[in-house]
Amino acid sequence: YYLTSRHLCLISFFAFTTQPISSDFNFYSFGSKPEPEPGMDGVPDRGRSTSPSSRTPNHTPRLGPSRLSSSRVRSSQSSASSSSSSSCLWLWCRRKRTKVLLALIALFALFFFVNYIMLLRLQHQQDRPHRNPKPTLRSSLSISLQGKLKKNSTSKKTQKGNYARMLALAAHALAENKREPKDLWQEPLVPASSWTPCSDQRNWEPNEGSNGYILVTANGGINQQRVAVCNAVVVARLLNSTLVVPKFMYSSVWRDTSQFRDIYQEEHFINYLAPDIRIVRDLPKKLQSLDLEAISSVITDVDMGKEARPSFYLKHVLPIILKNQVVHFIGFGNRLAFDPIPFELQRLRCRCNFHALQFVPRIQETGALLLKRLRGHAGLIGPLDRHFVGPFGELNMTSEKNSKKASKYLALHLRFEIDMVAHSLCEFGGGEEERKELEAYREIHFPALALMIKTTKLPSPSELRSEGLCPLTPEESILMLAALGFNRKTNLFVAGSNLYGGGSRLAALTSLYPKLVTKENLLSSAELEPFANYSSQLAALDFIGCAASDAFAMTDSGSQLSSLVSGYRIYYGGGRMPTIRPNKRRLASIFMKNSSIEWRIFEQRMRKAVRQTKHVQTRPKARSVYRYPRCKECMCRTI
């Protein structure tokens with residue numbers, strides 16, 4: 001198997017040199033035209049007859065010596081001497097040929113011997129068990145990660161997807177402890193800092209709200225409800241109506257009975273917006289007894305399309321208010337367009353979101369405690385602290401003697417709860433067991449979606465993933481952070497820790513980032529007890545932890561929490577609070593090659609994909625002012 005072309009050439013030469021050499025071989029005429037076969041006396045038989053008589057020997061006696069006979073004698077002597085020299089030359093060549101043959105045979109035997117030794121060594125290496133090298137930091141990280149993945153594979157085995165290889169590569173990369181990129185904790189300061197908040201400025205007279213009353217029962221979680229409240233404020237101003245403090249619908253998904261006053265400061269909300277609209281806590285008694293459904297004063301999400309224009313409300317809703325003095329919006333999720341809308345109404349939207357809605361003292365106090373522990377108990381008030389935790393932020397201040405440098409922390413919102421997973425219609429590597437579980441969940445909580453799946457041809461899970469319509473899994477999210485360059489010592493706060501698949505999905509995250517924490521880790525059970533069974537109030541703590549972080553990474557651009565948090569960081573951050581907004585379509589094309597891509601290439605592509613989204617962007621047309629507040633209605637540009 002190890003014979004080369006050189007070996008084959010030597011074998012060919014050996015074959016040639018081992019051909020028998022006759023005694024009449026002429027070394028000097030080798031390669032020349034061969035001579036005719038000589039006769040018996042050495043002379044060519046050109047003049048001799050071929051008849052039988054000519055072959056009869058001549059017996060005529062010779063009488064004595066003659067000139068011819070003497071010449072023959074001399075010729076015979078010369079022939080003898082020539083024959084003697086030829087035989088010497090033949091003997092010399094024979095000895096030389098023997099030496100060459102012996103050398104070639106020895107060389108050929110050496111080649112076979114070397115090949116034999118190499119084959120034995122290869123076979124020995126294959127049969128020999130591999131010895132474990134002395135463990136290093138890199139190898140220990142990889143081994144611990146693989147061990148945790150293997151340990152957790154018994155439950156929801158395939159939920160980890162096919163990222164074991166990439167996670168091991170990430171562990172090796174983090175173990176090298178490279179320096180973080182300079183712009184990792186920054187955003188473009190000059191263009192970002194040129195925008196300042198100004199939605200608190202008013203340029204109109206107070207609204208009397210004399211046309212009637214607006215009731216709103218908002219659905220969804222805390223973030224969807226927040227958007228519905230601000231949209232209701234704008235509609236009340238548009239229709240010159242009085243807004244009743246919104247109510248929150250009980251959801252079988254969230255299972256939270258919290259109402260507006262349990263989350264937001266009701267008094268501050270009413271007083272701050274008093275120059276804009278009239279707000280009351282309850283309907284007048286004369287209207288409370290009305291059957292609103294019987295008098296057609298109830299409007300659900302089915303009765304109106306998403307992002308309806310102001311003209312719709314003036315044409316269809318205002319007549320109901322003028323007639324019945326009251327209208328009740330049920331659901332009211334995303335039911336007001338962002339464009340076209342009058343300037344002052346858009347500014348009112350921003351004013352409600354960024355100024356009028358403040359958390360109740362109980363949430364503020366616990367949120368301040370959460371921020372203090374996230375920053376390593378250092379005396380520091382962040383740019384957004386007073387907007388979220390109010391006066392409780394001052395409790396985080398310590399004396400100069402005991403103060404220490406605050407720890408930076410990165411916040412990551414994992415929107416991977418079961419409701420999001422089920423509603424996405426994507427697959428996450430759980431096989432048939434996962435498929436059945438999500439189908440059963442949709443039948444209970446999303447019956448309309450379950451019916452649509454049966455009656456309508458929808459895109460396949462692979463098509464949804466390639467289009468970037470699937471939420472990032474915890475494994476994909478942590479690979480993104482590692483590729484961006486966040487080192488292993490990064491303080492990482494994970495919001496939305498109630499992940500689909502349970503705590504085992506955090507195994508990959510904690511293996512790569514051991515300083516990963518959640519609010520459940522930082523706050524004691526006694527401190528969390530007032531919020532038990534109130535998912536919206538717990539989500540408010542996540543909101544505070546994410547919004548006040550030194551860097552924030554979102555994993556789902558469609559998440560309301562991520563959208564609201566990124567908007568707050570733009571509005572109050574002064575250009576110093578970066579947000580990582582991955583393009584999931586680009587990330588999907590990168591993750592699809594996880595079985596073969598090298599870490600260096602993965603790192604380059606990931607950084608390029610995220611860098612393209614890290615720029616100062618004004619609000620695109622018809623996009624949310626809650627997420628993109630850089631617009632003339634919400635913020636003022638100083639440059």
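The bend at a residue is the angle between two fitted axes, one through the seven residues ending there and one through the seven starting there. The exercises below apply to a predicted model.

**Exercise 1.** Find where α10 bends and by how much.

*Solution.* The bend lies at Val-317 and comes to about 40°. Next, look for a proline downstream: Pro-319 follows within four residues.

**Exercise 2.** Determine which residues of α10 are buried and what covers them.

*Solution.* Take buried as under 20% relative accessible area. The buried residues are Pro-310, Tyr-313, Val-317, Leu-318, Ile-320, Ile-321 and Asn-324. An α-helix has 3.6 residues a turn, so residues three or four places apart point the same way. The cover over the buried residues of α10 includes the strands β2 (213–218), β6 (298–300) and β7 (326–331), along with the helices α6 (222–238) and α9 (285–288).

**Exercise 3.** Describe the largest cavity by volume and lining.

*Solution.* Four cavities reach 30 Å³ or more. The largest has a volume of about 70 Å³. Its lining consists of Glu-187, Pro-188, Ile-570, Pro-578, Thr-579, Arg-581, Lys-614, His-615 and Arg-630. Sorted by type, the lining of the largest cavity gives three nonpolar, two polar and four charged residues.

Definitions and conventions: Residues are numbered from 1 along each chain as its sequence is written. This is a predicted model: local features need pLDDT of at least 70, side-chain atom pairs count only at pLDDT 80 or more; totals for chains, interfaces and linings use all residues. Side-chain values use heavy atoms; hydrogens and water are left out. Helices (H or I, at least four residues) and strands (E, at least two) are DSSP runs, numbered from the N terminus. Buried means under 20% relative accessible area, exposed over 50%, partly exposed in between (1.4 Å probe, protein chains only). Contact means heavy atoms within 4.5 Å. On a 1 Å grid over the protein atoms alone, a cavity is a set of points where a 1.4 Å probe fits but cannot get out, and a pocket is an open set with protein on both sides within 12 Å along at least five of seven lines; lining residues have an atom within 4 Å of a point. Grid points are joined across faces, edges and corners, and a volume is the space filled by probe spheres set on the points. Ala, Val, Leu, Ile, Met, Phe, Trp, Tyr, Cys and Pro count as nonpolar, Asp, Glu, Lys and Arg as charged, and the others, Gly among them, as polar.
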